[in-house]
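Student: Hi! Could you walk me through this one? I'm new to it.

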Amino acid sequence: MGGAVVDEGPTGIKAPDGGWGWAVLFGCFVITGFSYAFPKAVSVFFKELMREFGIGYSDTAWISSILLAMLYGTGPLCSVCVNRFGCRPVMLAGGLLASLGMVAASFCGSIIQLYLTTGVITGLGLALNFQPSLIMLNRYFNKRRPMANGLAAAGSPVFLCALSPLGQLLQDHYGWRGGFLILGGLLLNCCVCAALMRPLEASRPGSGPGPQRPARRLLDLSVFRDRGFVIYAVAASIMVLGLFVPPVFVVSYAKDLGVPDTQAAFLLTVLGFIDIFARPAAGFITGLKKVRPYSVYLFSFSMFFNGFTDLTGSTASDYGGLVVFCIFFGISYGMVGALQFEVLMAIVGTQKFSSAIGLVLLLEAIAVLIGPPSGGKLLDATHVYQYVFLLAGAEVLASSLVLVLGNFFCIKKRPEAAVEEGERHKPPVDVRVDSREVEHFLKAEPEKNGEVVHTPETSV
C-alpha cells in the first residue's frame, strides 16, 4: 500500500523544539483534553436521557463505551489517513465530524440514534484529532519532547474538571438537547487546533531542489519486527486492562463504606487535581539529561507504582484511606499518562510513529472493552470491592514486569551472532582516523532527522 505523507517533515529536518512548536503544543493540549475528558463528561446527561427514553443506566453507559472504543479502535484508520493526506487535513475533518455528531445528537429520538451520533460520529471525529496531534508534537519537539508530552497530557484532567461542571450547568439551563448542541459548537475548536498544525518545511539553500520525501506505506506493519515495539505493545495492553478500573469503582467503593454521595464524588476531584500537576512534573523530570536515557525504566516504575497503589488501596476501610489512595493513584496515573507516548516515540522514532501509535491504540481498545466489565463481573460475583482493586493492581504490576524484563533480557543484551559480526567488521587497530571527522560525526549524527540516538534503554 503506497502513498506519500502530504505534510511529512522532509528528511533531515531538525525539530525546532520551540517557536511555532508552542502553538502546536497548545493545540495538542486542547485536543487531548477533549479526547479523554469528553467521554466522561457526557455521563452528566445520563439520568435525563434515562428519563427521556425510559431506559436503564447500562443502556446509556454504552454511549461512553462506544466513544472510547472509537477513540482507541480506529487507530489504524487514523494512521492510514495521516499517511495518505497529512495531519492538518485529517484533523480538520475530525473536528467537523466531532461537532456534527453532537449537533445531530441534539435532534435524536431514540437511544440507538445517540449511539450512532454521539458514540460513532463524535468518537471518530475525536480519534481523527487525537492521534495526528501527537504525531505533530513529535515532529516539533525532540530535546524538549518529554516536557511537551507531559504538558499536552495535562489537558485530560484539566478539561475533565471543566467539562463535567459545564455539562451540568448546560443541562440545568437548556436540557440535554440544548447542552449537546452547545457542546457540539465547542468541539469546533478542534478545527482551530487543526489550523495550528503547520507542516514543517526544510530550508532550501539557493535554487537547488529540496530533499525528497520517501514513499510511505499507508500502514507500516514492519514495526512488528521491532522487538522493542512488540514488548511495549504487550505491556501497554496488559496495563490498560487494570489502569481504568479504580477510577470507575472508587466512588461506589466509598458509598459501600457508608460515605455520603457528595463526599464520595469528591474523591474523583482529588484524583483529577493531583493528576493535573503530576503529568507536567513527570514530563519535566523525564526531560532531564541524566534521566531521559532511562525513560523506559521510569515508565515501568510508574506502572509498578500504580499497581502497588491499587493493591494497598484495597485495604482502605474508611474515607480517609480512600483519599490517601486517590492522592497516590493520581500521582502514578499522571506519570503513566505523561510517559506512555514519549516512550513509544523513543522506541520507533519519528518515521514510524504514525503507524505504531495506531496499532497500539487498536490493541488497547480491546483491553479497554474488557477491563472495566471484567471488574464489574467480579464485583457482581463476590460483592467485595477489594477483589476488584486487587485484580486491577495485579494486571498493572504484571505489565510493568513485562516491560522491564523484556527490555533487560530481550533488548539490552545483543545476540552473540551480532557481536561476532561486529567484531569481524571492526577496523584494524592501526588505522588512523582524522580527529576533526570524529568530532563532526559526534556533533552531527545525534541530530540526524531531528531524533536522538536510541540507546538500548530508550529503545526498550
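Predicted model: local features only at pLDDT ≥ 70, side-chain atom pairs only at ≥ 80, totals over all residues.

Student: Great. How many helices and strands are there in the protein chain?

Tutor: The protein chain has 18 helices and zero strands. Helices are DSSP runs of H or I with at least four residues, strands are runs of E with at least two, and both are numbered from the N terminus.

Student: And how much of the protein chain counts as buried?

Tutor: Of its 460 residues, 52% count as buried. Buried means under 20% relative accessible area, exposed means over 50%, and partly exposed is in between, using a 1.4 Å probe and protein chains only.

Student: What share of the contacts comes from residues 24 or more positions apart?

Tutor: Among contacts with a separation of 6 or more, such pairs account for 88%. Contact means heavy atoms within 4.5 Å.

Student: Let's do a helix pair. At what angle do α1 and α9 pack?

Tutor: Helix α1 (residues 21–41) and helix α9 (residues 189–196) pack at about 150 degrees, and their axes are 8 Å apart. That makes α1 roughly antiparallel to α9. The cut-offs are under 35 degrees for roughly parallel, over 145 for roughly antiparallel, 65 to 115 for roughly perpendicular, and oblique for the rest. Axes here are lines fitted to C-alpha atoms, for helices over the stretch in contact, and angles run from 0 to 180 degrees between N-to-C directions.

Student: Which residues make the contact?

Tutor: From α1 they are Ala23, Val24, Phe26, Gly27, Val30, Ile31 and Phe34, and from α9 they are Asn189, Cys190, Cys193 and Leu196.

Student: New topic: how long is α11?

Tutor: Helix α11 covers residues 245–256, which is 12 residues, and reaches 16 Å from its first C-alpha to its last, close to the 16 Å expected at 1.5 Å a residue. The expected span is 1.5 Å times one less than the number of residues. Just after α11, Gly258 takes a positive phi of about 90 degrees.

Student: Which residues of α11 are buried?

Tutor: Val245, Pro246, Phe249, Val250, Val251, Tyr253 and Ala254. Val250 counts as buried at 1% relative accessibility. Leaving out residues up to four places away in sequence, Val250 touches Leu267, Leu268, Phe325, Cys326 and Phe389.

Student: What about Trp176, where does it lie?

Tutor: Trp176 lies in helix α8 (residues 155–186) and counts as buried at 2% relative accessibility. Its contacts include Phe45, Glu48, Leu49 and Cys108. The C-alpha atoms of Trp176 and Val42 are separated by 9.8 Å, although the two are 134 residues apart along the chain.

Student: Last one: is His383 buried or exposed?

Tutor: His383 counts as exposed, at 63% relative accessibility. His383 sits in the loop between α15 (350–382) and α16 (385–411), and its phi is near 60 degrees, a positive value in a residue other than glycine.

Student: And Asp17, what is its phi?

Tutor: Phi of Asp17 is near 55 degrees, also positive in a residue other than glycine. Asp17 is in the segment before α1 and is buried, with a relative accessible area of 11%.

Methods. Residues numbered from 1 in each chain as written. Heavy atoms only, no water.
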